[in-house]
Amino acid sequence: MLALVLALACNTPAPEAPSHTSVLQKADARDGSEDHVVGQCAGCSLAMSGDPAHAVQHEGYTLHFCSETCKSGFEADVDAGMKRIEAAVTH
């Protein structure tokens, strides 16, 4: 019985990470140009201008951050960063 459970568990695909595309589309459109570049700092909830020197690629979008600190924070926890962006674009 245990062998059957282990065999089933090993064949179960890992859950897919949620797509952030719709949130990124809204963040991209905030500057009036839908060019797959989010120019406002995602680490600061889109409250500051980002800098191309601190850019990250995510799901086909380029996100500009105001500093290396914001960029590193986003990279360390992308889901939390995306939740901050989502909160900014829905309010």
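Which side chain of opposite charge is nearest to buried Asp28, and how far away is it? I started there. Arg30 is the nearest, at 10 Å, and Asp28 has no salt bridge (a side-chain nitrogen of Lys or Arg within 4 Å of a carboxyl oxygen of Asp or Glu). Lys and Arg count as positive here, Asp and Glu as negative, with His and the chain ends not counted. Buried means under 20% relative accessible area with a 1.4 Å probe, protein chains only.

Housekeeping: I'm looking at a predicted model, where local features need pLDDT of at least 70 and side-chain atom pairs 80 or more, while totals for chains, interfaces and linings use all residues. Numbering runs from 1 along each chain, and side-chain values use heavy atoms, without hydrogens or water.

Next I checked what Asp28 does reach. Its side chain comes to 2.9 Å from the backbone nitrogen of His36. Contacts (heavy atoms within 4.5 Å) beyond four places in sequence include Val37, Val38 and Tyr61.

Then I zoomed out to helix 2, residues 21-29 (helices are DSSP runs of H or I, at least four residues; strands are E, at least two). Val23, Leu24, Ala27 and Asp28 are its buried residues. Strands 1, 2 and 3 and helix 4 are among what covers them.

Last stop was Cys41, in the loop between strand 1 and strand 2. Cys41 is buried at 0% relative accessible area. I noted Cys66 and Cys70 among the residues Cys41 touches. Lys71 is 30 residues from Cys41 in sequence, yet 8.7 Å away C-alpha to C-alpha.

How values were computed
Buried means under 20% relative accessible area, exposed over 50%, partly exposed in between (1.4 Å probe, protein chains only). A polar contact is a pair of N or O atoms within 3.5 Å; within protein, one must be able to donate a hydrogen and the other to accept it, and residues adjacent in sequence count only if both atoms are side-chain atoms.
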